[in-house]
Structure formats: structure tokens, C-alpha cells
Amino acid sequence: GHLVVTTFGEEVASSSVKVQFHGHAGQSFGAFLSKGVTFELTGDANDYTGKGLSGGGIILKVPPECSYDPSKNVIGGNANLYGATGGFLYGNGIFAERFAVRNSGATAVVEGVGDHGCEYMTGGRVVCLGETGINFAAGMSGGVAYIYDPMEQFAARCNPEMVSLETVPPRSEDAAELRGLIEQHAERTGSDLAAKLLGEWDAALPRFVKVMPDDYKRVLEAQAQQAQARDRKSVV
């Protein structure tokens, strides 16, 4: 990653260098990975995958010969995306505890997370297509998470102290963003679950819950009001 940035600069295109792996990755797979480099692992990974991710990309997908349901099996350990500042992670399976803790800018789509997901998150986007553990969004002050919640269990597992739960209206910017992320997940991982949700999108969308930090929402609303005021002045 250092060589790519020093050679091509900060404006290097995403996924300019793609490295493919097969098997079982140990601790800190893809840690601090910089923009322009993507690691694709067919297999599974241990703790701290994508720790401090700095613009690079990580793809975890299940070997085609596996007969189990990826959406019901763990593909990543604890504290994945810890302290990430940018980049993306697409994982065709469940990630364990403290997923995306202190994430400040990375985008992720996964198919389940353990306890304390998105704890102290300050930015970025996280989409979870399966169940979460308890204490989700504790201390979350920024960024947005989308949770697929067909059984309506998520509210009891989310820490409501700093966030509110919202629906995702059809034909909204949120809906377009969410669908685009799931499309990327399906394309990059071959996820059957993602393909299923996209195939029944009109029915699936109302089952998603948007996790919105209260402070972050107030900041966005204030920015929108300032922009409207500037527009009115320019017209006058």
C-alpha cells in the first residue's frame, strides 16, 4: 500500500492493485490498507481484519465448494474494521463482536455481526443483512447503519442512548444508497442473500431499519438549512 501511494499519489483509483488469497487468514488481515489496493480472500479471517483501514478494499467470500449457508456462519473474527478511516469491506458471512468499532469513514456490507457492533462509530456506512448482537450502536455519534430486520428484533438489541431508528422510504436517497451497496456486495462476493433481497426489493426495503445518530442528524439538518439560506440569497 505504501508503494502504491508513494508511486501514484493519493488520487490512485480504487482497486488498482488486486491481490487474491485462499484459505485462513490470521490476525489483522488487510490492516491499515491504503487506497488503490484490494485484498480478496476466499476463506475466512481472524480478529482485526481491516484494522485502521485507510482507503483500501477487503472482500471476504465463501469457497464455492462449501455447502453451508454463509449467512449463518462466521467468516470474520472480533474487532474487524476497528478504527477504519476509509475504504470498503464486503463479507459474505457473519462477523463476530465489535464490528466497525470507532469506524470513521469505511463502508461495509456483511451478513451478521456479534455484540457491540458500530460501537463509538463516528462516520462511514455499515449494512448488515442479518442479525446483530446486543448493544449495537453504543456511543455511535456519526455515520449511518442499515439493518435488515424482518423479525423486528433489532430495536431490543440496539443501544438507543445516542441514536434513533428510522425507516427507509422508497425512492429516497437512502434507499438508492442502500440498494447500491447491496448490489456491490452481490457483485463482489456472490452473496445469495444479497441477490435474494435485490430480487424482491419492494418487499425487502420496508424491513430495513436505518440507525441514525441524533447529533449527526442535527448537524446534517443545520447544514441543509444553511445551504437553503445561501440559495435564497443568491436568488435575491
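Helix H3 spans residues 173–189, which makes 17 residues, and its first and last C-alpha atoms are 24 Å apart, close to the 24 Å expected at 1.5 Å a residue. The structure described here is a predicted model.

Several residues of H3 are buried: Ala175, Leu178, Leu181, Ile182, His185, Ala186 and Thr189. Around the helix axis they cover an arc of only 140 degrees, and therefore they lie on the same side of H3. Glu173, Ala176 and Glu187, on the other side of H3, are exposed. After H3 comes glycine 190, with a positive phi near 75 degrees.

Strand S7 covers residues 104–110. Is this strand mostly covered or mostly open? Mostly covered, since five of its seven residues are buried.

S7 pairs with two other strands described here. With strand S5 (residues 86–91), the pairing is in the parallel sense, over three bridges. With strand S8 (residues 122–128), the pairing is also parallel, over five bridges. Alanine 108 can be followed through both pairings. This residue of S7 is the bridge partner of leucine 89, and in S8 its own bridge partner is valine 126.

## The largest nonpolar core

The largest nonpolar core has 36 residues. Which of them touch the most other members? They are Leu81, Phe99, Phe136 and Val211. The elements that give two or more residues to this core include strand S2 (37–45), strand S3 (54–61) and strand S11 (208–213), along with S7, S8 and S9. The most comes from S2, which gives four residues.

Leucine 81 lies in the loop between strand S4 (74–76) and S5. Its relative accessible area is 0%, so leucine 81 is buried.

Most residues other than glycine have a negative phi. Leucine 81 is not a glycine, yet its phi is positive, about 65 degrees. Alanine 100 also has a positive phi, near 65 degrees, and is a residue other than glycine. Alanine 100 belongs to the loop between strand S6 (94–95) and S7. With a relative accessibility of 0%, alanine 100 counts as buried.

## Aromatic pairs

How many aromatic pairs does a search of the whole structure find? The search finds nine. Two of them are set out below.

| Ring pair | Distance between centres | Angle between planes | Arrangement |
|---|---|---|---|
| Phenylalanine 136 and phenylalanine 154 | 5.3 Å | 75 degrees | edge-to-face |
| Tryptophan 201 and phenylalanine 208 | 6.1 Å | 45 degrees | tilted |

The arrangement follows from the angle, because planes over 60 degrees apart count as edge-to-face and those under 30 as stacked, with the rest counted as tilted.

Phenylalanine 136 sits in the loop between S8 and strand S9 (142–148), while phenylalanine 154 belongs to helix H2 (residues 154–157), so this pair ties together parts that are 18 residues apart in sequence.

Phenylalanine 208 is buried at 1%.

Ring pairs also join Phe21, Phe29 and Phe39 into a cluster.

## Charges over rings

Lysine 51 places its charged end over the ring of tyrosine 48, at 5.3 Å from the ring's centre. Arginine 188 lies over the face of phenylalanine 88, and here the distance from the ring centre is 4.5 Å.

## A contact of helix H2

Helix H2, which holds phenylalanine 154, also contains arginine 157. At 24% relative accessibility, arginine 157 counts as partly exposed, because the range for that term lies between 20% and 50%. How far apart in space are arginine 157 and threonine 132? From C-alpha to C-alpha the distance is 7.2 Å, although the two are 25 residues apart in sequence.

How values were computed. Residues are numbered from 1 along each chain as its sequence is written. This is a predicted model: local features need pLDDT of at least 70, side-chain atom pairs count only at pLDDT 80 or more; totals for chains, interfaces and linings use all residues. Side-chain values use heavy atoms; hydrogens and water are left out. Buried means under 20% relative accessible area, exposed over 50%, partly exposed in between (1.4 Å probe, protein chains only). Two strands pair if DSSP finds at least two bridges between them. The expected span of a helix is 1.5 Å times one less than its number of residues. The arc is that of the directions from the helix axis to the C-beta atoms. Rings of Phe, Tyr and Trp (its six-membered ring) pair if their centres lie within 6.5 Å; planes under 30 degrees apart count as stacked, over 60 as edge-to-face and the rest as tilted. A charge sits over a ring if NZ of Lys or CZ of Arg is within 6 Å of the ring centre and within 35 degrees of the ring normal. A nonpolar core is a set of buried Ala, Val, Leu, Ile, Met, Phe, Trp, Tyr and Cys residues joined through side-chain atoms within 4.5 Å.
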